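Student: I have a model open and would like a close look at a single part of it. Could you take me through that part and what surrounds it?

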Amino acid sequence: MVIELIGLVAFAASGALAAVRAKLDVFGVVVLGLTTALGGGIIRDLLLGIHPPTTLRSWPYLLTAAVTGIVVFFFHPQVARLRRSVLLADAVGLGVFVTAGTTTALQHGVPAYTACLIGMTVGIGGGAIRDVLLREIPMVLRKEIYAVAALAGAVVVAVTAWLGLPDLWGTVIGSALVVAIRLTALWRHWNAPVPRAGETAES
């Protein structure tokens with residue numbers, strides 16, 4: 001729960017900071033923070049037929065994301081200076097959300113490949129919605145090694161479940177892999193390949 005809330009704070013902070021950069025008002029900042037933090041989980045629950053979504057029935061999640069958005073609105077210069085800490089917390093949150101989402105999907109009896117896609121969506125869904133609301137191409141579709149890390153962690157969870165290992169093994173190993181890939185990509189400035197200059201979409 002504590003690790004999930006740490007990730008939730010990081011996701012909410014990234015959404016709120018993006019809203020501050022877009023010069024939204026306090027309501028917009030809080031909404032973007034909530035959307036980024038809770039969007040992926042809501043999509044997961046809708047896909048699995050869980051109504052109402054878990055995060056909308058648990059007040060600690062809503063309160064944590066909302067308070068984070070308000071704090072960022074009033075103290076955004078100070079929060080922006082904590083970039084490395086926010087990125088680390090974001091990586092941890094991504095790992096936890098992806099593995100938890102994949103495990104939840106498997107427990108609802110969906111095929112392994114579907115569970116992996118749902119788990120990845122939990123990790124990247126909130127950020128994608130945030131970027132769409134800000135009229136930007138989602139970051140995960142442009143260059144960041146983010147969705148790949150999420151999918152890798154989801155696959156680990158599915159494999160450990162197939163092997164009959166305890167859920168905790170998949171959570172720990174999968175989360176560690178996500179964090180390792182994400183932080184290494186940031187450290188080494190890895191990005192997904194993009195078309196070279198001059199290339200066209202002509203067939």
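Tutor: Happy to. One cut-off first: a residue counts as buried when its relative accessible area is under 20%, as exposed when that area is over 50%, and as partly exposed in between. Please keep in mind that this is a predicted model.

Val79 has a relative accessible area of 14%, so it is buried. This residue sits in helix α4, and beyond its neighbours within four places in sequence it is in contact with Leu17, Val72 and Val86. Val79 also belongs to a core of 11 residues, whose members include Ala16, Leu17 and Val72. For a sense of distance, Val79 and Gly39 are 40 residues apart in sequence, and their C-alpha atoms are 22 Å apart in space.

Now to the largest nonpolar core, which has 22 residues. Leu8, Phe11, Ala37, Leu94, Phe97, Ile124 and Ala150 are the members that touch the most others. At least two residues each are supplied by α1 (2–21), α2 (26–48), α4 (59–80), α5 (83–107), α6 (112–133) and α7 (147–162). The largest share, 5 residues, comes from α7.

Packed helices are described by the angle between their axes and the distance between the axes. For α5 and α6, the axes come within 7 Å and cross at roughly 145°, and the crossing is right-handed. On the α5 side the contact is made by Leu94, Phe97, Val98, Gly101, Thr102, Ala105 and Leu106; on the α6 side it is made by Ala112, Ala115, Cys116, Ile118, Gly119, Val122 and Gly123. By class, the contact has 10 nonpolar, 4 polar and no charged residues.

Thr160 lies in α7, and its relative accessible area is 8%, so it is buried. Not counting residues up to four places away in sequence, Thr160 touches Leu165 and Gly170. Its C-alpha atom is separated by 9.2 Å from that of Thr171, 11 residues apart along the chain. Just after α7, Gly164 takes a positive phi of about 80°. In α8 you will find Trp169, which is partly exposed because its relative accessible area is 47%. Trp169 and Leu151 are 18 residues apart in sequence and 17 Å apart in space, C-alpha to C-alpha.

How values were computed: Residues numbered from 1 in each chain as written. Predicted model: local features only at pLDDT ≥ 70, side-chain atom pairs only at ≥ 80, totals over all residues. Heavy atoms only, no water. Core = buried A, V, L, I, M, F, W, Y, C linked by side-chain atoms within 4.5 Å. Buried < 20%, exposed > 50% of the residue type's maximum accessible area, 1.4 Å probe, protein only. Helix = DSSP H or I, 4+ residues; strand = E, 2+ residues; numbered from the N terminus. Axes fitted to C-alpha atoms, helices over the stretch in contact; angles between N-to-C directions. Left-handed = near helix turned anticlockwise from the far one by under 90°. Contact = heavy atoms within 4.5 Å. Nonpolar A, V, L, I, M, F, W, Y, C, P; charged D, E, K, R; others polar.
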